Structures are given as C-alpha cells and as structure tokens.
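This report describes one protein chain, going from single residues and their pairings to the overall fold. The sequence and the structure come first.

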Amino acid sequence: MTMTAQNTVTLVQTLYDLMNNHQSDPAWLDKSLAFFAEDCEVIDVPSGMTSRGPEGYKQLILFFEEGFPGSSIEITNLFAIEEQAAVEFIGRGINTGSLHMPTGDLPPTGQSVELRFCDVYRVRYGKIVNYRSYYDALGFMQQLGFIPTQE
C-alpha cells in the first residue's frame, strides 16, 4: 500500500482521537496498537528509553494513561508527508494514579499538569515503524511537585 500524505494524516489523527476516547471506549488501546508494526521502534526521548513493537507503545502510553486517567489531548499542529508525520499537542490532566518510574512508583499528587509534546512518526505500508516522543520531563516533574521550580 502506497501512503499519501493524507493517509498519514488520517492514521495519526485517528491515533490521537482514540487516545481522547479512552474514557468512553474500552477498546481504545487495542485499536491503537493495530497501527504499529511488530518491529516498530518506540523512543521516549526524555528518558532515553527505547522499546519495540505495539507492546513498547503500550508501555509508554499506559505510563500517562494510568497516572492521568482523566487526561485529554489537544493537537496544535500536525504535519505529514507520505511516510512521516510530526504532531505537536498539549496533554492535560490531573495526576490521580501512580506513575510507574524505572526507579519505582511515585504516588499520585492530585496536581494538574499541562504538558507540550512533539511526536514524530515514520510510516511504511500503513503501519508505524518508528515513533519518537519529545516533551519537557523537568517541567513535568516540577508541575507534579517532585522537583522544585527555580524562581
């Protein structure tokens, strides 16, 4: 299947629509995983963590979903060509669930968070083969109250 820029936009937009429907559609995550190639490289840039395939994407998404179960996403920019897309968006939520960090779980803080992201995708034959997520990890931890802000 040859991808057009519009196909890529539709694929990526659908992925974010599924995330925004997480509270009303119990199958949202399974539907999302179908977009990822088995050998997809998933990179959480701020943490330096790289994982593979739909399971790697699931781990990254569940970090935010479990920590912010009432969260929402607002896409501010979406650019695509035939086999690549870049999405800027704002994630908003209240930390009411534990955050599963590599060093152990952090308890919920009840803090509101507004975080800007940039996700970059490479798509081949209708499947995501590379996914990179960029965000301000320091600002994230400061908003949660785990790291003091400098004033």
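The model is a predicted one. Asp25 pairs with Lys31 in a salt bridge, and their closest N and O atoms are 2.7 Å apart. Lys31 is partly exposed, at 42% relative accessibility. The two partners thus fall on either side of the limit for burial, because buried means under 20% relative accessible area.

Side chains of opposite charge can pair when their charged atoms come close. Over the whole structure, a search finds 4 salt bridges.

## A network around Arg92

A network of salt bridges links Glu74, Arg92 and Glu114. In the pair formed by Arg92 and Glu74, the closest N and O atoms lie 2.8 Å from each other.

Glu74 is partly exposed at 37%, and Glu114 is partly exposed at 42% relative accessibility.

## Leu78 in strand β3

Strand β3 covers residues 72–81 and includes Leu78. Leu78 counts as partly exposed, with 23% relative accessibility. Apart from neighbours within four places in sequence, the residues in contact with Leu78 are Val9, Val12, Gln13, Ala86 and Val87.

Gly139 is 61 residues from Leu78 in sequence, and the C-alpha atoms of the two are 23 Å apart in space.

## A nonpolar surface patch

Which residues make the nonpolar surface patch of about 230 Å²? The patch is made by Leu138, Phe146 and Ile147. Phe146 is found in the segment that comes after α4 (137–144). With a relative accessible area of 30%, Phe146 is partly exposed.

## Overall fold

The protein has 4 helices and 8 strands. Read from the N terminus, these elements follow the order α-α-β-β-α-β-β-β-β-β-β-α. The radius of gyration is 15 Å, close to the 15 Å given by the globule rule for 151 residues, so the protein is as compact as a globular protein of that length. Its C-alpha trace spans about 50 × 35 × 25 Å along the principal axes.

Of the 151 residues, 40% are buried. Among contacts between residues at least 6 apart in sequence, 58% join residues at least 24 apart.

Technical notes: Residues numbered from 1 in each chain as written. Predicted model: local features only at pLDDT ≥ 70, side-chain atom pairs only at ≥ 80, totals over all residues. Heavy atoms only, no water. Patch = residues over 30% accessible without salt bridge, like charges linked within 9 Å, V, L, I, M, F, W, Y side chains within 5 Å. Areas by Shrake-Rupley, 256 points an atom, 1.4 Å probe, with all protein chains shown as cover. Salt bridge = Lys/Arg side-chain N within 4 Å of Asp/Glu carboxyl O. Helix = DSSP H or I, 4+ residues; strand = E, 2+ residues; numbered from the N terminus. Buried < 20%, exposed > 50% of the residue type's maximum accessible area, 1.4 Å probe, protein only. Contact = heavy atoms within 4.5 Å. Rg over C-alpha atoms; globule rule 2.2 N^0.38 Å.
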